[in-house]
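Subject: Structure handover and findings

Hello,

Here is the structure we discussed. Please open it first, then read the notes below.

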Amino acid sequence: MNISADENAPERAGYRRSAGSPRGEARRRELLERVTEDLAANGLVDFSLRRAAKAAGATHKVLLYHFDGADDLLVQAVVQLRERRIRKALAAATDGSVRRSLGEWVRAIWPILVGEEARVLDQAIGLAMYDSERYTALGREASQQYLPTLLSVCPDRWTDRRKLEVAEMVLATLRGFLVDARTSGDTEGVAAGFDALVRALEREEAADA
């Protein structure tokens, strides 16, 4: 996976970042949204400041005024895409006004996790593993974004420790399924593992019912 680092630091390029005025912040959000849409459509491969500028309809100088460089822009766009996924996952937590069980919930969100728009988020996992020092934020911030949602869908009666244990298990397991689904294409194997995860969650919820 080739993520170009062309002029990705404002210090080297000689540009300054936005001072954070309301107008500057609105412009930054507009640029980020356009770059995010490009990532959602075209993925991370060959992402560069030049490509981002073309997607945003701006020059690389404008982007470097608002962002710290290509890596910063990439991370922020990935965060935006994760937030979209999280909003969809939260919406799937209920069936009308009825709260879903954990097993029902993971089944409801799986199509969201493997949708085409989500492919770039799976690529981000690989990028964080490929160059963990350069892209440490992609991995660290993923857990920080997802865990609150996972904790929130656990039964209220559970202790905080139990919620954390189950949330971490679900997060790690779904990540594994995603990597397997994207790399092996073994849909039958993933489906079998998914069924086992649902049964485990059903037993967990029934343990103190």
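The chain has 10 helices and 2 strands. Both kinds of element are DSSP runs, numbered from the N terminus: H or I over at least four residues for helices, E over at least two for strands. From the N terminus, the order is α-α-α-α-α-β-β-α-α-α-α-α.

The model is predicted, so local features need pLDDT of at least 70 and side-chain atom pairs count only at pLDDT 80 or more, while totals for chains, interfaces and linings use all residues. Residues are numbered from 1 along each chain as its sequence is written, and side-chain values use heavy atoms, with hydrogens and water left out.

Overall figures

Of the 209 residues in the chain, 42% are buried. Buried means under 20% relative accessible area, exposed means over 50%, and partly exposed is in between (1.4 Å probe, protein chains only). Take the contacts between residues at least 6 apart in sequence: 73% of them join residues at least 24 apart. A contact here means heavy atoms within 4.5 Å.

Core

The largest nonpolar core has 60 residues. Such a core is a set of buried Ala, Val, Leu, Ile, Met, Phe, Trp, Tyr and Cys residues joined through side-chain atoms within 4.5 Å. L63, W105 and L174 touch the most other members. Helix α5 (residues 70-91) supplies the largest share of this core, 10 residues. Leaving aside neighbours within four places in sequence, L63 contacts L31, L49, A52, A53, A56 and L73.

Helix packing

Helices α9 (residues 160-183) and α10 pack at an angle of about 170°, and their axes are 10 Å apart. The axes are lines fitted to C-alpha atoms, for helices over the stretch in contact, and angles run from 0 to 180 degrees between N-to-C directions. The pair is therefore roughly antiparallel. The cut-offs are under 35 degrees for roughly parallel, over 145 for roughly antiparallel and 65 to 115 for roughly perpendicular, with the rest oblique. On the α9 side, the contact is made by R162, V166, M169, V170, T173, L174, F177, D180 and A181. On the α10 side, V190, G193, F194, L197, L201 and E204 take part.

Salt bridges

A search of the whole structure finds 13 salt bridges. The criterion is a side-chain nitrogen of Lys or Arg within 4 Å of a carboxyl oxygen of Asp or Glu. Three of them follow.

- E25 pairs with R28, with the closest N and O atoms 2.9 Å apart. The two are 3 residues apart in helix α2, so about one helical turn separates them. E25 is partly exposed at 25% relative accessibility, whereas R28 is buried at 17%.
- R27 pairs with E30, with the closest N and O atoms 3.2 Å apart. This pair is also 3 residues apart in α2, about one helical turn. R27 is partly exposed at 27%, and E30 is partly exposed at 33%.
- R84 pairs with E37, with the closest N and O atoms 2.4 Å apart. R84 lies in α5 and E37 in α2, so the bridge ties together parts that are 47 residues apart in sequence. R84 is buried at 14%, but E37 is partly exposed at 39%.

There is also a network: salt bridges that share partners join E25, R28 and R29.

E205 sits in helix α10 (residues 187-206). E205 is buried yet has no salt bridge. The nearest side chain of opposite charge, R157, is 4.9 Å away. On charge, Lys and Arg count as positive and Asp and Glu as negative; His and the chain ends are not counted. Beyond its neighbours within four places in sequence, E205 contacts S101, L102, G103, P155, R157 and W158.

D46 has a positive phi of about 65° although it is not a glycine. Most residues other than glycine have a negative phi. D46 lies in the loop between α2 (22-42) and α3 (49-56). D46 is partly exposed, with a relative accessible area of 45%.

D38 is in helix α2. At 13% relative accessibility, D38 counts as buried. Not counting residues up to four places away in sequence, D38 touches G43, R51 and A55.

Best wishes
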